[in-house]
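Here's a quick briefing to read with the model open beside you. Take a look at the fold, then work through the notes by topic.

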Amino acid sequence: MSGSKSLKHATESAEPLVGTWAAIPHPTTVELIASVGYDFVALDAEHSPMSYETMENMLRAADAATGDIETLVRVPDDDPTTLKRTLDLGPTGILVPMVETPEQAEAIVEATRYPPDGKRGLGLGRASGYGVTLKNHVDTVEDTLVRHVQLESERAIENAAAIAEVDRIDGVFVGPVDLSMSMDCFEEWDDDAFLDAVDHAVEAAHDAGVGIGTLATSADQRESRLNWGVDYLVAGVDAIHLAEGVAEALDHCTALLDRET
C-alpha cells in the first residue's frame with residue numbers, strides 16, 4: 001500500500017485502491033499476494049472452509065510480508081460472536097455480507113465497538129497484543145478499524161443511502177453476482193436495471209462520504225467496473241488465477257508438442 005491509500009479513507013485517494021481475493025484458505029496465498037504490491041487483500045471466510053486458526057495465520061502472513069498491505073476479512077455473517085472473534089485476530093477490517101437495512105448496519109457497528117459506545121467484548125488476542133497493549137488498543141482502535149458492508153440485493157440497493165449514512169460504516173461493496181441474481185439478470189452486466197442499481201449505490205456512497213468497492217474477475221470486468229466510479233476494486237480471485245494459470249501452461253505445452261509432431 002502506498003502513500004495515503006487506505007480502506008478507511010478510500011474516498012481520499014487520488015486513484016482507486018486495488019486488491020485481490022484470497023479464497024484458498026492457506027497463508028501461502030496471502031504471502032504471495034502481499035509480495036506483489038496490492039493495496040489490500042480480502043480474506044474470504046464466507047464462501048470457503050476457512051477456520052479462525054487459518055485466518056489468523058493468513059493475517060500473520062500479510063503482516064510479515066515485505067511491503068505494506070491492508071487486510072479485509074469477509075466474514076460469513078453478522079453474528080456478534082463472528083465479528084468479535086474475527087476482529088480479535090487483528091485484521092484491518094471486516095466486510096459483512098448481505099446487509100440490507102440501516103438497522104442491520106447499526107447493529108454491526110454496535111457489535112464491533114467497545115463499551116460504552118457498543119457491545120464488543122474485550123479479548124486478549126492479536127488485536128490487543130495478547131493483552132500487552134490492551135489500553136492502547138482500546139484507545140486507538142476506532143482510528144483504524146474498517147467496517148465495510150456488502151450490498152447484494154434489490155432491497156439493499158433501495159436502502160443504500162440510509163446504509164451508507166450509518167455512523168462508523170466506512171464503505172459499501174456492491175456484490176455484482178448476487179445483486180444480478182437478485183434482480184433476475186444473472187451475470188447480464190449490461191442490463192439497464194442492473195447498471196442503474198450500481199449507479200444508485202455509487203451515488204449513495206459518495207453522497208455519504210464513504211468508499212464504495214466491487215469485484216472483477218476478468219480484464220473486461222476490471223476496465224468496466226473501474227469506470228463505475230468505485231473507490232476500491234477487488235481485481236481477481238486467487239483460485240481463478242490458479243485455474244487460469246495452470247490451464248494456460250497446459251495449453252502452451254500441448255501446442256508445443258503438437259508443433260513437434
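Two strands pair here if DSSP finds at least two bridges between them. Helices (H or I, at least four residues) and strands (E, at least two) are DSSP runs, numbered from the N terminus. This is a predicted model, in which local features need pLDDT of at least 70 and side-chain atom pairs count only at pLDDT 80 or more, while totals for chains, interfaces and linings use all residues. Residues are numbered from 1 along each chain as its sequence is written, and side-chain values use heavy atoms, with hydrogens and water left out.

**The barrel**
- Eight strands close up into a barrel, with parallel pairing in the order E1-E2-E3-E4-E5-E6-E7-E8.
- On average, neighbouring strands of this sheet are turned by 25 degrees against each other, direction ignored.
- Zoom in on strand E4 (residues 93-96) and strand E5 (residues 146-151): they pair in the parallel sense over four bridges.
- Leucine 95 stands opposite histidine 148 in E5.

**Aromatic pairs**
- Rings of Phe, Tyr and Trp (its six-membered ring) pair if their centres lie within 6.5 Å; planes under 30 degrees apart count as stacked, over 60 as edge-to-face and the rest as tilted.
- Searching the whole structure turns up five aromatic pairs.
- In one of them, the rings of tryptophan 21 and phenylalanine 173 have centres 6.0 Å apart and planes at 45 degrees, so the pair is tilted.
- That pair links distant parts of the chain, 152 residues apart: tryptophan 21 is in strand E1 (residues 17-22) and phenylalanine 173 in strand E6 (residues 171-174).
- Tryptophan 189 and phenylalanine 194 also pair up, and with ring centres 5.5 Å apart and planes at 55 degrees they count as tilted.
- Trp21, Phe40, Phe173 and Tyr232 form one aromatic cluster.

- Buried means under 20% relative accessible area, exposed over 50%, and partly exposed in between (1.4 Å probe, protein chains only).
- Tryptophan 21 is buried at 4%, and phenylalanine 173 is buried at 2%.
- Phenylalanine 194 is buried at 0%, whereas tryptophan 189 is partly exposed at 21%.

**A charge over a ring**
- Arginine 225 has its charged end over the ring of tryptophan 189, 4.3 Å from the ring's centre.
- The cut-offs for this are NZ of Lys or CZ of Arg within 6 Å of the ring centre and within 35 degrees of the ring normal.

**Asparagine 57**
- Asparagine 57 lies in helix H2 and is partly exposed, with a relative accessible area of 31%.
- From C-alpha to C-alpha, asparagine 57 and alanine 162 are 36 Å apart in space, and they are 105 residues apart in sequence.

Technical notes. Axes fitted to C-alpha atoms, helices over the stretch in contact; angles between N-to-C directions.
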